Amino acid sequence: FKGDNVLGPYTPYEDNPVLTQRDLPEDRKHPITSVGHADFVTDSDGNWWASFLGVRPYQGDDYNTGRETFLLPVKWKDGWPEILPDGETVPYQMSRPALPRQPEPVVPTTGNFTLTETFDDPDLPPYWITVRIPSGSWYAIDDSALTLQAKPVGLGDFRQPSFVARRQQHLNAEADTSVVFDPASPEDEAGIAAFQNDEFYYALGLSVNADNQPVVRLRKRAGSDGGPEGETIAEVPVRTKDNIPVSLKIVARGPLYDFYYSDITGDWHPVALDQDG
């Protein structure tokens with residue numbers, strides 16, 4: 001819509017919408033859907049661009065990477081903006097603007113990449129996030145390690161668990177961590193999680209069983225049924241020694257997740273494969 005006065009009246013554009021993917025076939029290659037919430041910007045050469053949100057589903061309207069930021073050029077037609085002609089797909093790649101190149105970011109934001117976090121800085125970098133705004137000081141960085149203070153708060157408690165995370169940025173990806181933990185009971189657990197929200201997550205953690213023997217446990221919560229701790233999918237014994245880390249890994253493959261652990265042998269062992277994401 002546009003108008004000569006901020007209070008109106010406003011006239012709708014006869015070629016609305018100026019940005020949509022809703023009428024395209026679902027089986028198209030590399031679909032980008034749910035596009036919208038665009039902001040207009042101009043570059044130093046006076047060219048117009050639209051920065052907008054969208055998602056990359058692995059099937060239908062299912063996706064695990066959340067909303068992402070996309071960029072398209074804007075053309076003006078008789079005083080109206082045209083972002084994407086009707087029937088055209090949002091491209092995965094396009095020609096970059098003829099602007100001076102900027103320094104490469106310390107942490108990549110697009111494309112395929114590998115990142116190793118060594119926690120050498122005294123502060124947690126800003127690309128790490130928590131569930132809700134941090135309250136209190138329950139984590140610390142010291143001696144190239146991140147230490148989380150265990151709290152009696154679980155991932156599904158709708159509060160703030162001792163959990164720091166990075167967003168999943170790829171449909172196919174791997175994430176692993178090394179954990180030093182001495183659980184006192186089967187209720188104690190530390191590890192890695194694939195977390196959508198309080199009611200939907202996988203947690204792969206180091207704990208002990210009822211006989212006080214060390215185990216790696218995989219839990220799943222999928223909805224409000226079954227309580228905040230969800231259900232145990234698998235529990236396998238693990239060989240540990242004092243202060244020797246146990247490594248835990250999650251592999252994302254589109255709609256599926258695989259879970260592994262590595263103990264003092266140094267080899268990766270499966271905990272559960274082909275889990276529904």
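What volume does the second largest pocket have? It is about 300 Å³. A pocket here is an open set of points on a 1 Å grid over the protein atoms alone, where a 1.4 Å probe fits, with protein on both sides within 12 Å along at least five of seven lines. The volume is the space filled by probe spheres set on the points, which are joined across faces, edges and corners.

This is a predicted model, in which local features need pLDDT of at least 70, side-chain atom pairs count only at pLDDT 80 or more, and totals for chains, interfaces and linings use all residues. Residues are numbered from 1 along each chain as its sequence is written, and side-chain values use heavy atoms, with hydrogens and water left out.

By class, the lining has 9 nonpolar, 4 polar and 3 charged residues. Strand 12 (residues 200-208) gives the most, with 3 residues. Strands are DSSP runs (E, at least two residues), numbered from the N terminus.

Four strands form an open sheet in the order 10-15-16-17, with antiparallel pairing. Pairing requires at least two DSSP bridges between two strands. Strand 10 (172-179) and strand 17 (268-276) are the edges. The twist averages 15 degrees from one strand to the next, with axes fitted to C-alpha atoms and angles run from 0 to 180 degrees between N-to-C directions. Strand 16 (residues 256-262) is joined to strand 17 by 6 bridges. Tyr-260 stands opposite Pro-270 in strand 17.

**Core.** The largest nonpolar core has 20 residues. Such a core is a set of buried Ala, Val, Leu, Ile, Met, Phe, Trp, Tyr and Cys residues joined through side-chain atoms within 4.5 Å. Among those with the most contacts inside it are Leu-204, Phe-259 and Val-271. Strand 15 (246-253) is one of the strands that supply at least two residues each, and strand 15 gives the most, with 4 residues.

Buried means under 20% relative accessible area, exposed over 50%, partly exposed in between (1.4 Å probe, protein chains only).

A cis peptide bond joins Gly-8 and Pro-9, with omega about 5 degrees.

Key
On a 1 Å grid over the protein atoms alone, a cavity is a set of points where a 1.4 Å probe fits but cannot get out, and a pocket is an open set with protein on both sides within 12 Å along at least five of seven lines; lining residues have an atom within 4 Å of a point. Ala, Val, Leu, Ile, Met, Phe, Trp, Tyr, Cys and Pro count as nonpolar, Asp, Glu, Lys and Arg as charged, and the others, Gly among them, as polar.
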